[in-house]
Amino acid sequence: MEHQQQQQQEVRRKRNGVLQVQDGSEIRALVESKEAFTRFVDDRFRKLDADGDGRLSVKELQPAVADIGAAIGLPARGSSPQADHIYAEVLNEFTHGKQDSVSKPEFQRVLSDILLGMADGLKRDPIVILRINGEDLNEFVESPRYEPEAMAIFSQVGSANNATLHQCLLAALGQLTVDHGMPPASDSWVMENVVEPVLQELSANQLDQPVSQEVFFQEFRKFLGIIALRLQQHPVIVAHTENTFDGSGIRRLLSNKFEFDKLLDSVWRDVPKEQKDKTSKEYLRIALDRIADLASLPPFGAVDQMDAVVNEAFKMAKADDLKAVDEAEFKKLLTEILGAIMLQLDGNPIAVSTNTVVHEPMSTTSTLLSPTPLSPMVSSPSE
C-alpha cells in the first residue's frame with residue numbers, strides 16, 4: 001500500500017499536466033449529503049423507471065447494474081462467465097434474490113452501499129487525470145534516457161527479419177507509456193489523430209525499407225519529436241492509475257481473526273443456499289469478489305495477471321468442481337483461496353498501470369453511473 005501511495009505521489013510531483021485526481025471524495029460527499037443524494041437517486045430512479053409504476057423491475061435495473069459493472073472495471077456482460085456472476089450478484093443486492101422489483105428507498109439504500117464501496121476503492125487507488133501535451137515526450141527525446149531505452153526497444157521490435165522502419169516505429173511506439181509522455185497508441189483516436197498524420201509527414205520510401213539500429217535511433221527520435229508537436233496542437237486527456245498487488249491486503253485481513261470471522265459469517269449469509277444449508281462452490285468466486293476491496297484485490301475480469309493468480313488459487317484449493325458444500329467447508333475453502341493468492345503475490349507482486357484516453361467530458365458526481373471512464377480497464381501492464 002505504501003508503494004502504491006508513493007507511486008501516486010510521484011505521478012503528481014512529476015507532471016505539470018495533472019487536471020484532477022479522482023480519489024472518491026466527491027462520491028462520498030454526494031452520498032453523505034442527504035439532500036443531494038436524494039435528488040441524485042430521484043433522477044436516476046425516474047430515468048430507470050420506464051413504466052412509471054414507482055418500482056424498478058429486474059429489467060429496469062439492468063442498465064444500473066451494467067453501469068456499476070463498467071464503473072468497477074468489469075468487462076461487458078456476456079463476455080466472461082465470472083463477470084456475469086458478479087453482475088448477477090449486484091442485481092441480487094438490489095432484489096435480495098427474491099423480489100421481482102424494488103422500491104425507491106430500497107434502491108437508494110443499496111446504491112449508497114455500492115457507491116461508498118467505490119469511494120473507498122478510489123481512496124486507496126486514485127485515478128489521476130492527465131493532460132498530455134508533448135512536453136514530457138520532448139523531455140524524454142532530449143534526455144540521457146533516450147538512447148539506452150531506444151536501444152532496448154529496438155532489440156525487441158527490430159529483431160524480425162527485414163522489419164521495415166514503418167513496422168519498427170509503430171511497434172516501438174507501443175512500448176512507450178505516459179511515463180514517456182505518450183498517450184496509449186493502441187487507442188483508435190490517438191492512432192487516427194496523432195500517429196497516422198505524423199507518419200504521413202515521413203518519407204514513404206524510407207518507411208518501407210528494412211531498418212538498421214542506427215537509422216532507427218535517428219528516425220524514432222524524429223518521429224517522436226513530430227508527435228510531440230502534434231500533441232501540443234491536440235492534447236490528449238488520459239485517466240491514469242497505478243496499482244501493485246502484493247498480498248499485503250490479504251495478510252491484514254487474515255491477521256484479525258475476529259473481524260475475518262465476522263466477514264465470513266456475512267458472506268455466508270448472502271450466498272444462495274440449497275437443500276440442507278449447502279451452497280455450490282461456484283459461489284466462492286462471487287464471495288471472493290464481495291471481499292476483494294477489503295483484501296486489496298481487483299474485481300475478477302479487470303486484471304488478466306490477477307485473474308491467472310486467482311484461477312491458480314482455485315485450482316490449488318480444488319474449488320472449481322461446483323460441488324455443494326456446507327458452511328464450514330465454504331469458509332475453509334474461501335480462506336484457503338485467499339491464502340493461496342497471498343502466497344503467489346508475496347513471491348511475485350503484480351504491478352499494473354492503466355492508461356485510458358478520456359473521450360467524453362470528465363465524469364462528475366451527477367453522472368457517476370453513466371458509462372464514462374470512472375475506473376479504466378487495464379490497458380498496459382507496467383514492468
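The buried residues of helix H12 are Phe-216, Phe-217, Glu-219, Phe-220, Phe-223, Leu-224, Gly-225, Ile-226, Ile-227, Ala-228 and Leu-231. The model that shows this is a predicted one. Helix H12 covers residues 213-233, and its end C-alpha atoms lie 30 Å apart. That agrees with expectation, because 21 residues at 1.5 Å a residue should span 30 Å.

At the N-terminal end, H17 is capped by Asp-326. A side-chain oxygen of Asp-326 is placed 3.3 Å from the backbone nitrogen of Ala-328.

Helix H8 (residues 146-157) and helix H9 (residues 165-173) have axes 10 Å apart, at an angle of about 120 degrees. The crossing of H8 past H9 is right-handed. On the H8 side, Ile-153, Phe-154 and Val-157 take part, and they meet Cys-168, Ala-171 and Ala-172 of H9. By class, this contact of H8 with H9 consists of 6 nonpolar residues, with no polar and no charged ones.

Val-58 belongs to helix H4, which runs over residues 58-71. With a relative accessibility of 30%, Val-58 counts as partly exposed, since that class lies between the 20% and 50% limits. Leaving aside residues up to four places away in sequence, Val-58 touches Leu-91, Thr-95, Gln-99 and Asp-100. Val-58 and Ser-101 are 43 residues apart in sequence, yet their C-alpha atoms are 6.0 Å apart in space.

Two loop residues remain, each with a positive phi. Ser-296 sits in the loop between helix H15 (283-290) and helix H16 (304-316). Its phi is near 55 degrees, a positive value in a residue other than glycine. Ser-296 counts as buried because its relative accessibility is 19%, and the limit for that class is under 20%.

Lys-318 lies in the loop between H16 and strand S7 (324-325). Although Lys-318 is not a glycine, its phi is positive, at about 50 degrees. Lys-318 has a relative accessible area of 64%, so it is exposed. Thus Ser-296 is buried, whereas Lys-318 is exposed.

How values were computed:
Residues are numbered from 1 along each chain as its sequence is written. This is a predicted model: local features need pLDDT of at least 70, side-chain atom pairs count only at pLDDT 80 or more; totals for chains, interfaces and linings use all residues. Side-chain values use heavy atoms; hydrogens and water are left out. Helices (H or I, at least four residues) and strands (E, at least two) are DSSP runs, numbered from the N terminus. Buried means under 20% relative accessible area, exposed over 50%, partly exposed in between (1.4 Å probe, protein chains only). Contact means heavy atoms within 4.5 Å. A polar contact is a pair of N or O atoms within 3.5 Å; within protein, one must be able to donate a hydrogen and the other to accept it, and residues adjacent in sequence count only if both atoms are side-chain atoms. Axes are lines fitted to C-alpha atoms, for helices over the stretch in contact, and angles run from 0 to 180 degrees between N-to-C directions. A crossing is left-handed if the near helix is turned anticlockwise from the far one by less than a right angle, and right-handed if clockwise. Ala, Val, Leu, Ile, Met, Phe, Trp, Tyr, Cys and Pro count as nonpolar, Asp, Glu, Lys and Arg as charged, and the others, Gly among them, as polar. The expected span of a helix is 1.5 Å times one less than its number of residues.
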